[in-house]
Amino acid sequence: MLVLLVALVCGTLFGLGLVISQMVNPAKVLNFLDVTGQWDPTLGVVFICALSVGLPFYQWVLRTRRQAVLDEEFDVPDNSSITPSLIGGSALFGAGWGLAGLCPGPGITALPTLLPGVLGFTIAMIVGMMIYRFANADKRVDAPPRRQGISNS
Amino acid sequence: MDFTLTEFTPLSATVGGALIGLSSGLLLLMLGKIAGVSGIAAGAFSSDFNKAGWRLAFIAGLIFSAIVYRWFSGAPLDVDIQMSLPWMIVGGFLVGLGTRMGSGCTAGHGISGLARLSKRSFIATLIFFLTAMVTTTAVRGLV
């Protein structure tokens, strides 16, 4: 249960970061992304500050520790290939982010406002995730391995 | 369409950004997990409690933070939606589909991915920042 408590605390800190920096406000995000308007550099500062803390923290953890504190293996991706789905997916994500001014963290964090735009965004986001999951159910890493032997694909 | 003007707020951006970095680092140190909100949200729907449990707790924390903030500040959360509901839905759908296809979002690729110096995350971050800037600038130029 300690695992759940730590995850709850981390989620709360992450959300407080988004709320305090006003990244839950699509107006501020879009005023950063719109380079022609009255530009608001706030998002850039949030991003750089998050990395200034996150990068040394990550490097310290990954270089000095063999496992996480609560006896768990590091669940870090080891894939390094630049694939069409990485590029295409990131482009689709960018288009949606640039349209709405919300990404997954702020979309979920802003749910208590009960604003129709936030609810519509976040529900549609979950639907998009589910559609991708079901369309790719046979390719998932945790799917049972296919039977070996007959190779005609 | 009129867009809400906002002011540059460097101080709260610094504090908030540092908290995001701290949370990401703590999650890795304590649980060995990447703080990618799109992956956490998608994985929260797993029927396996080992996979879903910590993710649901993280999401509960995100939602809880907005409520905590209102308790302590007494001020309502500023969330100025700039687009009509149908466009918010289209945006949300693209974000959901795109983050799964591309294996990450602003948090997973942008913060955690760059923090562990991943080449994949660097490319992904470059692409979604560029396409987001092009999209916003084009949409605002047209309306």
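Trainee: How much area is buried between chain A and chain B?
Mentor: About 9,700 Å² is buried between chain A and chain B, and carbon and sulfur atoms give 77% of that. Keep in mind that this is a predicted model.

Trainee: Which residues of chain A lose the most area to chain B?
Mentor: Phe14(A), Tyr58(A) and Leu99(A). Together they make up 8% of what the chain A side buries.

Trainee: And how many residues are in contact across the two chains?
Mentor: On the chain A side, 109 residues. They are in contact with 106 residues of chain B.

Trainee: Which elements of chain A give two or more residues to the side that touches chain B?
Mentor: The helices α1 (2-20), α2 (26-33), α3 (42-64), α4 (84-100), α5 (104-109) and α6 (116-135) of chain A. The largest share comes from α3(A), with 18 residues.

Trainee: How do the residues on that side of chain A divide into nonpolar, polar and charged?
Mentor: There are 69 nonpolar, 30 polar and 10 charged residues on the side of chain A that touches chain B.

Trainee: Charges next. How many salt bridges are there over all chains?
Mentor: The search of the whole structure finds 3. The count between chain A and chain B is 2.

Trainee: Take Arg140(B). Which side chain does it meet in a salt bridge?
Mentor: Asp34(A), at 3.5 Å, N to O. The pair crosses between chains. Arg140(B) is in helix α6 of chain B, and Asp34(A) is in the loop between α2 and α3 of chain A.

Trainee: Are those two buried or exposed?
Mentor: Arg140(B) counts as buried, because its relative accessibility is 13% and the cut-off is under 20%. Asp34(A) is at 6%, so Asp34(A) counts as buried too.

Trainee: What does Lys33(B) pair with?
Mentor: The side chain of Lys33(B) meets Asp75(A) in a salt bridge, 3.3 Å from N to O. Lys33(B) lies in the loop between α1 (10-31) and α2 (37-43) of chain B, and Asp75(A) in the loop between α3 and α4 of chain A, so this pair joins two chains.

Trainee: Which residue does Lys28(A) meet in a salt bridge?
Mentor: Asp40(A), at 2.9 Å, N to O. Lys28(A) is in helix α2 of chain A, while Asp40(A) is in the loop between α2 and α3 of chain A, 12 residues apart. Both Asp40(A) and Lys28(A) are buried.

Trainee: Stay with α2(A). How many of its residues are buried?
Mentor: The count is 8 of 8. Among them are Pro26(A), Val29(A), Leu30(A) and Phe32(A). Lys28(A) and Asn31(A) are also on the buried list.

Trainee: What do the buried residues of α2(A) pack against?
Mentor: In chain A, they pack against α3 and α4. In chain B, they pack against α6.

Trainee: New topic, Val139(B). Where does it sit?
Mentor: Val139(B) is in helix α6 (residues 119-142) of chain B.

Trainee: Why does Val139(B) count as buried?
Mentor: Because its relative accessible area is 18%, and buried means under 20%.

Trainee: What does Val139(B) touch?
Mentor: Leaving out residues up to four places away in sequence, Val139(B) touches Leu99(A) and Met83(B). Leu99(A) is one of the residues of chain A that lose the most area to chain B.

Trainee: How far is the C-alpha atom of Val139(B) from that of Gly91(B)?
Mentor: They are separated by 12 Å, and the residues are 48 apart along the chain.

Trainee: Last one, chain B overall. How many helices and strands?
Mentor: Chain B has 6 helices and 0 strands. Its C-alpha atoms fill a box of roughly 45 × 40 × 30 Å along the principal axes.

Trainee: What share of chain B is buried?
Mentor: Of its 143 residues, 55% count as buried. The accessible surface of chain B is about 6,100 Å², and 70% of that belongs to carbon and sulfur atoms.

Technical notes: Residues are numbered from 1 along each chain as its sequence is written. Chains are lettered from A and ligands numbered from 1 in the order in which they are written. This is a predicted model: local features need pLDDT of at least 70, side-chain atom pairs count only at pLDDT 80 or more; totals for chains, interfaces and linings use all residues. Side-chain values use heavy atoms; hydrogens and water are left out. Contact means heavy atoms within 4.5 Å. Buried area is the accessible area (1.4 Å probe) that two parts lose on being put together, summed over both. A salt bridge is a side-chain nitrogen of Lys or Arg within 4 Å of a carboxyl oxygen of Asp or Glu. Helices (H or I, at least four residues) and strands (E, at least two) are DSSP runs, numbered from the N terminus. Ala, Val, Leu, Ile, Met, Phe, Trp, Tyr, Cys and Pro count as nonpolar, Asp, Glu, Lys and Arg as charged, and the others, Gly among them, as polar. Buried means under 20% relative accessible area, exposed over 50%, partly exposed in between (1.4 Å probe, protein chains only). Accessible areas come from the Shrake-Rupley method with a 1.4 Å probe; for residues, only the protein chains shown count as cover.
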